[in-house]
Amino acid sequence: MNRSARYALRIASLALALGLWQVLTSQDIDLWLRFSQFPTVTDVAHTFADRLTGPDYWTDLTDSLTRILSGFLLAAVLGVATGVLVARSRLAEDLLGPVLEVIRPIPAIALVPVAILLFPSNEQGIVFITCAAAFFPVLVSTRHSVRALTPVWEEAVRTMGGGRWRVLGSVVLPGALPGVFGGLSVGIGVSWICVISAEMISGQYGVGYRTWQDYTVVDYPGVFVGMVTIGVLGWLTSTAVELLGRRLTRWLPRTAQGPAARPKPARAGAAPSPARAAVRKDPRARPEEARDEYLVRD
């Protein structure tokens, strides 16, 4: 399946989901699930169009993006640095490992009371919660990636006179880069979950705050506008992280998307090449001859 067909299939899938939503809500169908309580697609679209023309929507969008980017970038730097440090130093693992493992199972949204008590403003507390949400996925992924590196690479650099920083820049960071971006992809999604929840609890502006306010005044089309906005923003930011990861790891071998290529069958009646005939007659033929023979097209 080519790229155009795949994009067409994705668009058709989205259109089918929206069409099903419109039918179930416009006909007030209640089959255990109460779709009659949902707004229709057209109601959400009209509310969305009204929000786009007002200033509040763009203010909420800017505040949420500022919070998510600040917390996520801070978590990326701290997570990668701490993961490399814990994976490369036994002393750091003994000092930081127990503390990190005790804090890691605590949900980031449960840190809202801590953030309220710790920081002087709600804005700083929301950034802290966002950072805590993304920090541990990045930390764990980086730590496992560094520990999984082949020791031969480091030994080769040290044999050629490279020091600790040369090993870090030439072996550790490039080798762990695929795993690091795997943790970043997970972290950006978790960050969106926590920043929206934090805005609902203690925020003054933002997409999460506005969505919760719409729910309290029973504006259900507005609630779905907020949900759609969160979904689109999450998709855009995660796609950006994935594209950046692909660009920085272009040196990695890529798996084929289609079926594996098969060798072209020999034409009927065609005489085999001398090298192939020699291999068939003498099983003890050298592997180099058999390998070189397959590099020549019939």
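## Helix 3 and helix 8

In this predicted model, helix 3 (residues 55-88) and helix 8 (residues 164-202) are oblique to each other, because their packing angle is about 140° and angles over 145 degrees would be needed to count as roughly antiparallel. The axes of helix 3 and helix 8 lie 8 Å apart, and the crossing that the two helices make is right-handed.

On the side of helix 3, the contact is formed by Ser64, Leu65, Arg67, Ile68, Phe72, Ala76, Val80, Val84 and Arg88. Helix 8 contributes a number of residues to this contact, among them Val167, Leu168, Val172, Gly187, Ser191, Trp192 and Glu199. Sorted by class, the residues of the contact between helix 3 and helix 8 comprise 15 nonpolar, three polar and three charged ones.

## Arginine 164 in helix 8

Helix 8 also holds arginine 164, and this residue is exposed, because its relative accessible area is 66% and the cut-off for an exposed residue is over 50%. Between arginine 164 and glutamate 154 there is a separation of ten residues in sequence, while in space their C-alpha atoms are 9.5 Å apart.

## Helix 4 and helix 6

A second pair of helices can be described in the same terms, since two packed helices are described by the angle between their axes and the distance between the axes. For helix 4 (residues 90-103) and helix 6 (residues 122-147), the axes come within 12 Å and cross at roughly 135°, which makes helix 4 oblique to helix 6. The crossing in which helix 4 passes helix 6 is left-handed.

In this contact, Glu93, Leu100, Glu101 and Ile103 of helix 4 meet Phe135, Phe136, Leu139, Arg143 and Arg147 of helix 6. By class, the contact of helix 4 with helix 6 consists of five nonpolar and four charged residues, with no polar ones.

Just after helix 1 comes aspartate 28, which takes a positive phi of about 55°.

Within helix 1, the residues Trp21, Leu24 and Thr25 are buried. As for what lies against them, the buried residues of helix 1 pack against helix 2 (41-52) and helix 10 (220-248).

Notes:
Residues are numbered from 1 along each chain as its sequence is written. This is a predicted model: local features need pLDDT of at least 70, side-chain atom pairs count only at pLDDT 80 or more; totals for chains, interfaces and linings use all residues. Side-chain values use heavy atoms; hydrogens and water are left out. Buried means under 20% relative accessible area, exposed over 50%, partly exposed in between (1.4 Å probe, protein chains only). Helices (H or I, at least four residues) and strands (E, at least two) are DSSP runs, numbered from the N terminus. Contact means heavy atoms within 4.5 Å. Axes are lines fitted to C-alpha atoms, for helices over the stretch in contact, and angles run from 0 to 180 degrees between N-to-C directions. Angles under 35 degrees count as roughly parallel, over 145 as roughly antiparallel, 65 to 115 as roughly perpendicular and the rest as oblique. A crossing is left-handed if the near helix is turned anticlockwise from the far one by less than a right angle, and right-handed if clockwise. Ala, Val, Leu, Ile, Met, Phe, Trp, Tyr, Cys and Pro count as nonpolar, Asp, Glu, Lys and Arg as charged, and the others, Gly among them, as polar.
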